[in-house]
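Please work through the exercises below with the sequence and the 3D structure at hand, and try each task before reading its solution.

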Amino acid sequence: MEATVAILARIPKGEGYRLATLEKKRGSFIKPEDALCYYLRYTDATTKKRVTVPAGEDFNATVVKALNVGNNQSAIRNGQEPGAPQVTTKAERLTIRDAIGQWLASFEGRLEKYYGKDDNGLSPASIAAYTKTAEDFLEFCERLGVVWMPRTDRTGEQSAEEVNADVLTRYQSDLRKNLKVKHNQCGEAKDRQGSINARFRNLAVFFTYHNLLICESPKARDGRGILRRNEMPRANKAKKLREAKAKLTQTVIIYSDAEINAMLAAATKDEADLIKFLLETGVRDKEAAHVEWDDIDGNYLHLKDKVKYDWRLKDKEIRSIPLNSKLIARLKARRLRQETQAKEDGRDVPSLIFPNSLNRPNLALDETIQRVVAKARKAGFEWNPRSEVTMHKFRKTFATKMYRATKDIKQVRDWLGHSDIATTELYVAADTHPDAKALELAFAAFGD
């Protein structure tokens with residue numbers, strides 16, 4: 001357990017002074033403007049008594065003293081000798097904690113730029129990923145007893161008490177051993193090496209913020225880079241190639257007409273609205289969760305970013321999808337039901353088409369589909385156990401139905417929002433039941 005050491009500042013107040021406990025922001029102490037001197041307050045691990053000791057007038061030296069006291073107190077609590085390497089103050093050096101604190105603090109302005117659609121903005125999702133990486137790396141370094149940022153990024157010139165190649169290599173091994181394996185919506189395990197690679201890309205951004213290179217540049221060849229090029233984690237290219245080849249050869253499975261009709265027969269009006277909407281627009285689950293009534297203009301659904309919900313379309317796939325008259329009529333009836341219910345409850349009418357109970361985007365729409373399928377099975381429909389139930393399967397069903405109706409793969413690509421037709425082709429299932437006219441045309445040259 002880490003020993004908590006508080007820093008107190010002696011601050012003028014009238015003819016006297018007051019003691020104020022320094023706050024932390026992003027893991028770093030905030031320096032007061034008018035402090036006369038500083039004190040350390042902590043619970044002594046030996047006597048179990050709370051003590052307050054003077055720490056001098058220098059803020060940076062006080063922070064270092066707090067770190068040393070905390071390390072020694074933690075060692076005593078863990079039954080060890082308080083002989084941890086002492087941290088010293090050097091003006092040209094930053095602690096890892098302070099360096100991370102400065103980096104994370106810089107995100108506030110970037111977030112405002114993001115909402116202002118500035119190219120230099122940083123999305124909430126990116127900030128969350130960077131913050132997670134930073135906090136995890138800081139925790140690892142503190143476990144290792146490494147305190148300092150490197151003074152130089154010249155390859156092999158880092159000392160043992162600062163971030164060096166060995167620390168980064170051990171961090172990579174720690175991630176490989178302890179990083180949780182994520183799964184996609186089909187339940188398949190994602191590539192752990194890809195997650196490790198992403199963590200190190202985030203760290204590279206952190207070091208670059210402090211004018212340090214985490215890895216040698218293949219073009220510069222100037223000797224800079226804490227890690228050599230062959231030491232930086234790479235994506236598993238062989239696995240990526242296997243997955244890409246498997247995608248090209250795999251059979252596309254869509255919902256059968258019988259499965260869709262069984263779902264609609266078992267669904268309530270609201271559940272049927274969702275099923276028909278997914279089936280006849282081909283939108284993703286999060287797109288469906290964030291679509292609003294104002295997005296419907298005439299016979300078209302216009303998909304766009306929803307900044308007020310901190311959400312953006314995948315790969316900036318802003319697009320318009322045609323709506324048929326039956327679906328429009330169904331949605332109008334749904335809107336009327338929402339207005340009636342809102343009036344009875346004395347609340348505002350939802351702006352979202354498929355909100356949750358708090359009138360926020362419902363990010364659990366897949367649970368609705370699973371519930372409908374369970375009801376269809378209970379009603380007697382024999383669902384094929386090999387036929388997976390996923391939201392994404394509606395997108396593939398839409399692509400297949402629309403391609404068979406239009407024979408225009410480019411148009412289907414635009415409706416799905418893909419930039420590459422090759423991706424769209426992976427969504428279209430083969431037609432195993434061609435109509436009689438197609439068969440006649442195919443073999444007309446051979447006579448009766």
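Two exercises with worked solutions follow, after a short note on the model.

This is a predicted model, in which local features need pLDDT of at least 70 and side-chain atom pairs count only at pLDDT 80 or more, while totals for chains, interfaces and linings use all residues. Residues are numbered from 1 along each chain as its sequence is written, and side-chain values use heavy atoms, with hydrogens and water left out.

**Exercise 1.** Work out the strand order of the open sheet of three strands, and say which strands stand at its edges.

*Solution.* Begin with the elements: the protein has 16 helices and nine strands, taken as DSSP runs numbered from the N terminus (helices H or I, at least four residues; strands E, at least two). Next, look for pairing, which requires that DSSP finds at least two bridges between two strands. S7 and strand S8 (residues 300-303) run antiparallel and are joined by two bridges, and Asp297 lies opposite Tyr300 in S8. The order is S7-S8-S9, with antiparallel pairing. Strand S7 (296-297) and strand S9 (319-322) each have a single partner strand and therefore stand at the edges, with one side of each left without a neighbour in the sheet.

**Exercise 2.** Decide whether Tyr17 is buried, partly exposed or exposed.

*Solution.* First locate Tyr17, which belongs to strand S2 (residues 16-21). Then apply the cut-offs for relative accessible area: buried is under 20%, exposed is over 50%, and partly exposed is in between (1.4 Å probe, protein chains only). Tyr17 has 45% relative accessibility, so Tyr17 counts as partly exposed. For the whole protein, 39% of the 448 residues count as buried.
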